[in-house]
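Thanks for making time this morning.

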Amino acid sequence: MIIQRISRIISNYEMIMPIFAGAVTLLFVVAIFSLPLPYYEEQLYPKTYDPTSPLNPYDRGGPPFVQIDIKEQYPENSPTAGYVTSYLTPLSWYMANTTLYLGTTIVGHPGGILDEILYNTRGLDTVVETTILFIAFAIASYLYRKG
Amino acid sequence: MGMVNPGGIPYFILEFGDELVYFSPYTVSLFILALVFTIFAVIARPERQVDIVFGGDAFYAKETSLAELKIRRFMAIACGFASMGAMVTGDLFNFTLFISLVGICNVGIVAAVKNRHVQNAAYQYGIVALSATVPLFGAAALIAATTGTLSMVELWSNAALAVPLVVKALLVLGVMGEGMAPFYAAKAEMFRAPGAPYVIMCSLSSLLIFLRVIEVVLVI
Amino acid sequence: MWQEYSIGLLLVFIAAVIAFFALVVEKDDLHRLLLLDLVEVPSLGIIALLGTDLAEALILPGLVVGIAELLALSQIYVTKEGLKERKVQGLNIEVIQADAPLIISVLLICYGVILSGFTGGGVAGLGVVFYFMARGHREHFELLEMASGISWAIWIFAFFVFMFIPEYWLLALFMAAIGILLKVIVKMSLVGTMWGDGNG
């Protein structure tokens with residue numbers, strides 16, 4: 001019986017990865033044939049570039065602690081969004097004043113806009129994300145210590 | 001609200017910045033189901049497995065160590081909370097994150113058992129769950145790119161925002177990957193793990209996320 | 001209709017097909033784990049093609065979820081294969097056996113704390129990793145677990161401040177920055193220090 005054979009293959013847990021990966025492969029092939037997809041022009045949190053700013057590409061304008069306008073989904077829910085435009089540590093402040101390329105290095109903590117999104121307007125995402133880390137860590141350390 | 005939400009009109013909407021959590025009749029029912037089973041996981045005592053020797057009176061009782069009990073109970077409760085979150089969230093990316101959390105909690109419930117068979121099953125399920133994050137996050141990003149929003153409320157109230165069918169399919173496949181455990185446990189490989197209430201949490205959370213993704217796909 | 005976005009998607013989808021096809025044919029468990037790391041890349045690519053600030057904010061959780069699950073899975077792999085502990089000795093280099101690691105680590109940790117946030121966590125974590133590498137490591141896992149839990153609690157509290165009493169946003173911001181600082185330090189210092197069963 002063909003159903004019997006299929007169910008025997010599926011019930012083997014070694015086979016689950018190839019089956020699932022096969023399904024995803026097929027779906028991505030379908031996705032290739034369904035291209036092109038439309039790109040919605042009015043995006044939230046649009047990116048801006050100012051090549052003359054040392055904080056490029058993270059410069060969103062305005063000094064720290066002065067509210068700037070951020071294009072979020074529900075502005076009425078985040079009344080304080082836009083205060084943290086950027087904050088620089090002494091070293092990165094020095095680099096910002098001497099070179100134009102602070103934004104491309106890791107010491108140029110992109111603070112500002114990303115902090116606004118990660119902590120404030122989309123804070124729930126980050127809560128879930130840290131919980132995932134926490135759970136993964138609990139599993140790993142349980143297996144390691146109580147092993 | 002232009003279009004009707006198949007899950008019913010929300011009773012109320014909680015606002016977390018850009019992310020709305022909405023309680024409609026459908027999501028509330030699923031939420032209460034998850035809540036009840038989480039309470040069960042909190043108060044339940046674990047089952048003790050007994051192997052009976054065939055044709056005789058002898059039996060072996062398998063003991064579950066206290067540490068193992070604690071970590072599995074913790075995982076089951078976390079899984080319950082993750083399912084509750086996934087039931088009511090109204091943001092697509094947030095939804096995919098909750099689904100991943102359910103997936104990794106399920107891995108944790110099973111992986112805490114120190115048995116080679118069980119560990120192997122947990123590993124196989126874990127790699128599926130990890131690879132399932134690709135279609136999941138991919139679908140969320142594609143929705144944001146094609147419609148300009150991640151909020152389900154926006155998507156159902158504005159009829160002009162249409163999500164391509166293939167993107168919906170990616171989302172569903174990703175959820176299937178994260179919640180696959182009970183399906184291939186048909187052979188009971190994973191249920192050899194002792195400790196009944198916690199393993200049931202795996203099946204229940206998978207069932208709940210499947211039920212929710214149906215609503216999500218109909219809504220967006 | 002074929003804008004840059006769709007051309008980019010075409011490339012990423014092709015990459016995804018290749019990567020997942022590799023997963024279909026791969027039979028070895030360890031290689032599957034390595035391939036998974038590769039498979040994560042197209043997913044980050046799809047998010048990045050969004051091309052807004054939102055995309056960057058979505059990449060971070062996406063990346064973190066991948067790393068977290070890899071951490072758990074590799075530990076499950078080690079346990080399931082029954083790989084026994086391989087002693088990690090301190091590096092046998094003269095400079096490292098003197099006081100240098102302590103000084104460098106303290107400097108890195110101090111600077112990381114000043115930086116705060118994600119970058120600060122990276123720098124401070126590097127200091128801890130360096131110290132562990134130089135000195136060998138043993139105990140301390142309970143401590144790290146506790147730090148991880150505390151940082152999580154700080155984070156959640158900061159989140160509620162943001163959502164319900166937004167006038168104290170500055171406090172919430174700093175709490176969130178400290179939370180992620182602790183978190184990233186803990187995660188970084190774990191890299192490469194877990195091996196085999198703790199009970200050996």
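What you are looking at is a predicted model, and for the complex the predictor gives an ipTM of 0.83 together with a pTM of 0.85. Chain A averages a pLDDT of 77, with 80% of its residues scoring at least 70, and within chain A the confidence is highest in helix α2(A), at 90, and lowest in helix α4 of chain A, residues 111-121, at a mean of 74. Chain C has a mean pLDDT of 77, and 76% of its residues reach 70 or more. In chain C the helix with the highest confidence is α1, residues 4-25, at 91, whereas the lowest value falls in helix α4 of chain C, residues 94-97, at a mean of 64. There is also a stretch of chain C, residues 196-200, over which pLDDT stays under 50, although the model has 21 contacts beyond four places in sequence for it. Where pLDDT is low, the predicted coordinates should not be read in detail, and I would ask you to keep that in mind as you look around.

Let me turn to how the chains are built. If we take the contacts in chain A between residues at least 6 apart in sequence, 51% of them join residues at least 24 apart.

Chain B, by its secondary structure, comes to 8 helices and 4 strands, and along the sequence these follow the pattern β-β-α-β-β-α-α-α-α-α-α-α. Buried residues account for 64% of the 220 residues in chain B, while its accessible surface comes to about 7800 Å², 69% of which belongs to carbon and sulfur atoms. For chain B, among contacts between residues at least 6 apart in sequence, 73% join residues at least 24 apart.

Now to the helix contacts, and here I would like you to find helix α4 of chain B, residues 116-147. Which way does helix α3 of chain B, residues 92-111, run against α4(B)? Their axes come within 9 Å and cross at roughly 180°, which makes α3(B) roughly antiparallel to α4(B). Among the residues that meet are B:Leu92, B:Phe93 and B:Val110 on the α3(B) side, and B:Val118, B:Phe137 and B:Ile143 on the α4(B) side. The residues of this contact divide into 14 nonpolar, 7 polar and no charged.

From α2(A) the contact is made by A:Ile16, A:Met17, A:Phe20, A:Val24 and A:Phe28, and from α4(B) the residues include B:Ile127, B:Val128 and B:Pro135. Here the residues divide into 10 nonpolar, 2 polar and no charged.

Technical notes: Residues numbered from 1 in each chain as written. Chains lettered and ligands numbered in written order. Predicted model: local features only at pLDDT ≥ 70, side-chain atom pairs only at ≥ 80, totals over all residues. Heavy atoms only, no water. Axes fitted to C-alpha atoms, helices over the stretch in contact; angles between N-to-C directions. Helix = DSSP H or I, 4+ residues; strand = E, 2+ residues; numbered from the N terminus. Parallel < 35°, antiparallel > 145°, perpendicular 65-115°, else oblique. Contact = heavy atoms within 4.5 Å. Nonpolar A, V, L, I, M, F, W, Y, C, P; charged D, E, K, R; others polar. pLDDT = per-residue confidence, 0-100. Buried < 20%, exposed > 50% of the residue type's maximum accessible area, 1.4 Å probe, protein only. Areas by Shrake-Rupley, 256 points an atom, 1.4 Å probe, with all protein chains shown as cover.
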